[in-house]
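Welcome! Here is a short briefing to read beside the structure, with the points grouped by topic.

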Amino acid sequence: MRRAWVLALLLAACSEEDSFDPSRPPGDMTFAHPDAWTGGTAVPPPGPGGRVLITNSLDDTLSLLELDGVTRADWRELARIPVGLNPVELEGPHHTAVAPDGSAYYVGISNYVPGAGSGPHGTHGSGADDGYCLKLDARDNRLLGSVRVDPNPGDVIVSRDGNTLYQTHFDTLRITEVAKRGGTKEEMTARLAIIDARTMTRKAMVPVCPAPHAIRLSADERTAYVACWSDEVAIVDLSASPPTSTLVKVAANVGTAVSPLHEPYALTLSPTTGEVWVSSMSSRFVQVLDPRTGAMDPTRAKRPLGGAPMFGAFSSDGRTLYLPYQRVESLAYIDPLTGDVRREVELASAGCLNVHQATLTPDERHALVVCEGDHVGPGTLHTVDLVEGRVLNTVRVGIFPDSVSILREQP
């Protein structure tokens, strides 16, 4: 009888911990993982040229490459290192952010990997466990700290001064579960974690929208823009105390959080105009939010290629948007003034399947394009010569790579 009573108390505590209340204070889950895997690696520290980081979400690794070799035909991984908190369970590392001074980097742990031992994992966005954000030392890849966040961490970015992290939660499981019991859209809302990057503690947890994924900051960093699966963009006022979120529909014809028509997933921010280019996976449209009005510009919505637009990058002068498209497996050069495609680099013949993200090298002469692969075998990383419009090399990486970042020391 005593064992049954204790078990009932434990189950009640777990149920209370897992229930969602948008008003709950940010101090409810401040502890780190109790059995963190803290060991570093023997990989040499990054050189002055910089290092490329790729998260391989289905084998719990990071691929490390030296940026100096980006144009060589024989460019290969320097190392593939384990990442996570539990060495015996797949935890799904998802996206990275790099400290501006190059001293550390941050990895979201999504806890969604299917067939991952004892954990309650599923497909991307349907994990039932809380996630984590990890801080690792760039010199030896040693774990410096971790903080527990909500289920299904999505995107993670860092402020210009390196002091604050912003992490979204692509929690489609919450949408499904709330819909099953006839709940409200407010109950489907997931939160944005605002994290002190120095102490790896949560500063705030801000309700934003159902299944938020990509996040980008305005130039003054007073506003965050978030892509919401519910056919919306969240505009988060970070200067308010506490921060507040306003939702803008991406088009006149939209669906619901349960049945979206567009499925906004990725964002790319213009460095000159501050315009927010929204990549919608289902409708395959690229939509534009005007930061001056806080509204979408319906005249700018485009479907430039036949595939789903993903994570792109702007040139520093704002004159070209380099945007990868899944299914057609191409990198498009888009004119931001018209939304038209100036040029297209075909990637499939180089071995790309399910392109995910393009990142520009510091000199902006090349794009590093990561492709997920078939989610069973290795994914790939490609160097694209942006002037010649061709793929220079292809590197096999881990299983289901979903981000590519560049780590460099501060000059």
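Met200 sits in the loop between β10 (189-196) and β11; strands here are DSSP runs of E of at least two residues, helices are runs of H or I of at least four, and both are numbered from the N terminus. This is a predicted model, in which local features need pLDDT of at least 70 and side-chain atom pairs count only at pLDDT 80 or more, while totals for chains, interfaces and linings use all residues. Residues are numbered from 1 along each chain as its sequence is written, and side-chain values use heavy atoms, with hydrogens and water left out.

**Backbone details**

- Most residues other than glycine have a negative phi, and most peptide bonds are trans.
- Met200 has a positive phi, near 55 degrees.
- Met200 counts as buried because its relative accessibility is 4% (buried means under 20% relative accessible area, exposed over 50% and partly exposed in between, with a 1.4 Å probe and protein chains only).
- Glu329, which is not a glycine either, has a positive phi of about 50 degrees.
- The loop between β22 (321-326) and β23 (330-334) holds Glu329, a buried residue with a relative accessible area of 5%.
- A cis peptide bond, with omega near 0 degrees, runs from Ser241 to Pro242, and Pro242 belongs to the loop between β14 and β15 (244-249).

**Disulfides**

- Two disulfides turn up in a search of the whole structure (a disulfide is a pair of cysteine sulfur atoms within 2.5 Å).
- Cys209 and Cys228 form a disulfide with sulfur atoms 2.1 Å apart.
- Cys209 lies in strand β11 (residues 201-210) and Cys228 in strand β13 (residues 223-228), so this pair ties together parts 19 residues apart in sequence.
- The disulfide of Cys209 and Cys228 is left-handed because the torsion about its S-S bond is about -90 degrees.
- Cys209 is buried at a relative accessible area of 0%, and Cys228 counts as buried at 0% relative accessibility.
- Cys352 and Cys371 form a disulfide, also with sulfur atoms 2.1 Å apart.
- Cys352 is in the loop between β24 (341-346) and β25 (355-360), and Cys371 is in strand β26 (residues 366-371), 19 residues apart.
- The link of Cys352 and Cys371 is left-handed, with -95 degrees about the S-S bond, and both cysteines are buried.

**Nonpolar cores**

- The largest nonpolar core has 25 residues, and Tyr265, Leu267, Val278 and Leu289 have the most contacts inside it (a nonpolar core is a set of buried Ala, Val, Leu, Ile, Met, Phe, Trp, Tyr and Cys residues joined through side-chain atoms within 4.5 Å).
- Elements giving two or more residues to this core include α2 (172-180), β14 (232-237) and β17 (276-280), while β16 gives the most, with three residues.
- A second, separate core of 18 residues includes Leu62, Ala79, Tyr105 and Leu143.

**The largest pocket**

- The largest pocket holds about 1,500 Å³ of space (grid points are joined across faces, edges and corners, and a volume is the space filled by probe spheres set on the points).
- On a 1 Å grid over the protein atoms alone, a pocket is an open set of points where a 1.4 Å probe fits, with protein on both sides within 12 Å along at least five of seven lines; lining residues have an atom within 4 Å of a point.
- Its lining has 39 residues, with Val98, Ile157, Val158, Arg216 and Thr359 nearest the centre of the pocket.
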